[in-house]
Amino acid sequence: MISVFQSAGFARVAITHRYECFVGTTKERTARRYGVVGVNVSAVRGI
Amino acid sequence: MAITCPVNFDVKSLRKEVQSIYSRVADAPHGEFHFHRGPAYAARMLGYDSAELAALPADVSSSFAGVANPHAIAPLPNGATVVDIGCGAGMDLLLAARRVGPAGRAIGVDMTEAMRQRAAAGAAQCGLHHVDVRAGDATNLPVDTASVDIAISNGVLNLVPEKERAVAEIARILKPGGRVQIGDIVIGEVLDDTALADIDLWTG
């Protein structure tokens, strides 16, 4: 996702927070296997 | 523009499946799903303020199915125009509306009618008259070019196969210098073909 925003011309693209949003769900094991986590992403549209 | 998908899913079928699942979430948020929902989850696992969530209509917060917390990135300034892409039942949208105040605007876009109805009803119930809920999807936003200060979203872009097109739409609607504050999921490794072809992993 970071690279998609960068390719679209966004600046200061960054992951600011991570969340283990699948813990306790039926997909928890799959999420752990593939390293799937929730993230906050910030970016700024170029001027 | 041609609709493309990195795997061999029919994009229309995938979109229909996503609509079906999130219609079920709107109708029966306490049902069986492979992702968390609701305000208790949002407060406990994503750091939302439980008092703020308690002040929202239950019909709005119970169908929340986000994966992160875009509000934690930076405050939404008073008077700003914010778009919530895939606003669902409107939890993030109504929080945004409260933060930007009546001098601002909070526009919610969602492709699922049942979710839009909840969001619009919730805004009316809260007296948030600067909320506008519109039908649309992330690849074709019903929003004017260069009219938005901040684009928020939560757990939506991962459901969109045409991510480049969705991000181009975000770039189109933002004013120069406008911000993105998005919650979504990322994958820590390259997926094998079996995982890529698992529609459950695309619709959750």
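**Figure 1. Order of secondary structure elements in chain A of the predicted model.** Chain A reads α-β-α-β along its sequence, with two helices and two strands in total. Helices (H or I, at least four residues) and strands (E, at least two) are DSSP runs, numbered from the N terminus. The C-alpha trace of chain A spans about 45 × 15 × 10 Å along its principal axes. Of its 47 residues, 34% count as buried; a residue is buried if 20 or more other C-beta atoms lie within 10 Å of its own, exposed if 12 or fewer, and partly exposed in between, with C-beta atoms placed from the backbone. Among the contacts in chain A with a separation of 6 or more, 53% are between residues 24 or more positions apart; two residues are in contact if their C-beta atoms, placed from the backbone, lie within 7 Å. Residues are numbered from 1 along each chain as its sequence is written, and chains are lettered from A and ligands numbered from 1 in the order in which they are written. This is a predicted model, in which local features need pLDDT of at least 70 and side-chain atom pairs count only at pLDDT 80 or more, while totals for chains, interfaces and linings use all residues.

Figure 2. Two strands pair if DSSP finds at least two bridges between them. Strands of a sheet pair through backbone hydrogen bonds, either parallel or antiparallel.

**Figure 3. Strand 4 of chain B and its two parallel partners.** Strand 4 (residues 148–154) of chain B is joined to strand 5 (residues 174–186) of chain B by six bridges, and the two run parallel. Within this pairing, B:Val148 has B:Leu174 as its bridge partner, and B:Asn154 stands opposite B:Gly183. Strand 1 (residues 81–85) of chain B also runs parallel to strand 4 of chain B, through four bridges; here B:Val82 stands opposite B:Ile150. Strand 4 of chain B is largely enclosed by the rest of the structure, because six of its seven residues are buried.

**Figure 4. The contact between chains A and B.** The contact takes 27 residues from chain A and 35 residues from chain B. On the chain B side, helix 2 (39–46), helix 7 (163–173) and strand 5 each supply at least two residues. Strand 5 of chain B gives the most to this side, with twelve residues. By class, the side of chain B that touches chain A has 21 nonpolar, nine polar and five charged residues; Ala, Val, Leu, Ile, Met, Phe, Trp, Tyr, Cys and Pro count as nonpolar, Asp, Glu, Lys and Arg as charged, and the others, Gly among them, as polar. Strand 5 of chain B is joined by eight bridges to strand 2 (residues 37–45) of chain A, and these strands run antiparallel. In this pairing, A:Ala43 has B:Val180 as its bridge partner. The predictor gives the complex an ipTM of 0.94 and a pTM of 0.87.

**Figure 5. Packing of helix 1 against helix 6 in chain B.** The axes of helix 1 (residues 11–27) and helix 6 of chain B come within 8 Å and cross at roughly 40°. The two helices are therefore oblique to each other; angles under 35 degrees count as roughly parallel, over 145 as roughly antiparallel, 65 to 115 as roughly perpendicular and the rest as oblique. Helix 1 of chain B contributes B:Tyr22, B:Ser23, B:Ala26 and B:Asp27 to the contact, and helix 6 of chain B contributes B:Ala114, B:Met115 and B:Arg118. These residues divide into four nonpolar, one polar and two charged. Axes are lines fitted to C-alpha atoms, for helices over the stretch in contact, and angles run from 0 to 180 degrees between N-to-C directions.

**Figure 6. Surroundings of B:Asp132.** B:Asp132 is placed in strand 3 of chain B. This residue counts as partly exposed because it has 17 C-beta neighbours inside 10 Å. Leaving aside residues up to four places away in sequence, B:Asp132 touches B:Arg105 and B:Ile107. Its C-alpha atom is separated by 8.6 Å from that of B:Val109, 23 residues apart along the chain.
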